[in-house]
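Biologist: Please take a close look at the aromatic pairs here. How are the rings placed, and are they buried or exposed?

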Amino acid sequence: MNTTISARGVSFAEKRPLFFDVLDNLWHPESNPDGIINLGLAENSLLHPELVDFINSQRLDSPHALTYGDGFSGSKSLHKALCRFLNRQFRPHVLLEPSVMVVTAGASNAVECCAWSLFESGDYVLVGRPYWTTFQHLFGTRAGVNVLEVSFGLVDPFGIEASELYDQACIRAREAGKRVKGILLCSPNNPLGQCYPRDVLESLMKVCRKHHIHLISDEIYGLSTWNNPQMEHGVRFTSVLSLEVEKFMDPSMAHVVWGMSKDFGATGLRIGCLISQQNPAFLASAEGISLFNFPSSLADNTATALLMSDEYVDSLVALNRHRLAESCRFVTEFLRAHQIPFRESNAALFVWVNLAAVVHAPCRSDDEILERLRRRKVYITSGKTYASEEAGWFRLVIAHPREVLEEGLRRMTLSLE
């Protein structure tokens, strides 16, 4: 026991992300050929050349960006730029105005604002499996909110029947004395890489109305979608903002999160936003803790310039979709050739693969497969990390240049032999 720090300090140290060790030794074909191939971290590097050129073309014309600017929740110009961009791309039913959003240092900060301001400590938020389990950290570590997992069994998590399971989970939880305050969606879904149909979103809203709970839609992958010819009935992305929310639930309890990390491949820029069109009290609360979520004014300036460039933004969105489609095609053709089962996707940055099905060994646990991958210095995350209901599945990140994918897939197949 370390007596120089607090008990909670010790608990925080245990939450240090494992992928930090991966980032410390990343593969490069020339400078670090023996490094680790990273196909596990949800980063999109497909637009990096274009973004580097754009950022280098920007000039700092005013010292305003070297001050506290317009406050701790984004500049006035960035609020306007985000409204302009999201009104064009997400097509909200009610056009966004600067007053309905708070800018944060990334989408994760925006999600944590929901935990602080919509829930009490000890409350529960419903999340369907599999899911990005870092939500447990964002809701629980500081705000003290619990994640209550919804299992689907043989029910399609993207079908109408899934909303009934959220309803039942809410009823059971309350019978057990648990205070359920909301449903959290990652839309499009991480890790399954699919979009929720409009009627499913509307059905979930009805569940929220029935139980008077919030709907939080994390739409950070909203524009990272592509046409997959292998998906005969592939569903396109529908933003909660585009729906007539008031027909299905209390609009003051519907909230959307978006950020530049995935759709623009800019995780390091740390620009996110929290949108709540009918709940000014919630936004005021988020403003109250904005000191802890303050985005860099330099990043603010860069994001504003980018999002106000309509033609250039449209070209980047189209280019991202094209490159994601090409990466998906390359990866899935490789998987078919090696007879590795996978789930088709058309959104986010992932392909969900069943590595246990092809391991040549009697023991096929997630942990054993992860150990094999580690020995070959390839980092892929297991379904266990995402509370998968079935063992053996892994999330493979496809948003990388071809040379990274080729080397990573080569090492992956060697690890399975």
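Modeller: Both W352 and W393 are buried. This is a predicted model. The ring centres of W352 and W393 lie 6.2 Å apart. W352 sits in strand β10, residues 350-354. W393 sits in strand β13, residues 393-397. The pair therefore ties together parts that are 41 residues apart in sequence.

The count of aromatic pairs comes to 16. Another of them joins Y68 and F294, with centres 6.2 Å apart. Here the planes stand at 45 degrees, so the pair is tilted. Y68 and F294 link distant parts of the chain, 226 residues apart. Y68 is in the loop between α3 (48-57) and α4 (76-89). F294 is in the loop between α9 and α10 (297-307). Y68 has 59% relative accessibility, so it counts as exposed. F294 has 28% and therefore counts as partly exposed. Together with F72, Y68 and F294 form one aromatic cluster.

Now to helix α9 itself. Helix α9 (residues 280-288) packs with helix α5 (residues 107-118) at about 110 degrees, the axes 10 Å apart. The two helices are therefore roughly perpendicular to each other. Their crossing is right-handed. From α5, C113, C114, S117 and L118 make the contact. From α9, the partners are F282, S285 and A286. Five of the contact residues are nonpolar, two are polar and none is charged.

Terms used:
Residues are numbered from 1 along each chain as its sequence is written. This is a predicted model: local features need pLDDT of at least 70, side-chain atom pairs count only at pLDDT 80 or more; totals for chains, interfaces and linings use all residues. Side-chain values use heavy atoms; hydrogens and water are left out. Axes are lines fitted to C-alpha atoms, for helices over the stretch in contact, and angles run from 0 to 180 degrees between N-to-C directions. Helices (H or I, at least four residues) and strands (E, at least two) are DSSP runs, numbered from the N terminus. Angles under 35 degrees count as roughly parallel, over 145 as roughly antiparallel, 65 to 115 as roughly perpendicular and the rest as oblique. A crossing is left-handed if the near helix is turned anticlockwise from the far one by less than a right angle, and right-handed if clockwise. Contact means heavy atoms within 4.5 Å. Ala, Val, Leu, Ile, Met, Phe, Trp, Tyr, Cys and Pro count as nonpolar, Asp, Glu, Lys and Arg as charged, and the others, Gly among them, as polar. Rings of Phe, Tyr and Trp (its six-membered ring) pair if their centres lie within 6.5 Å; planes under 30 degrees apart count as stacked, over 60 as edge-to-face and the rest as tilted. Buried means under 20% relative accessible area, exposed over 50%, partly exposed in between (1.4 Å probe, protein chains only).
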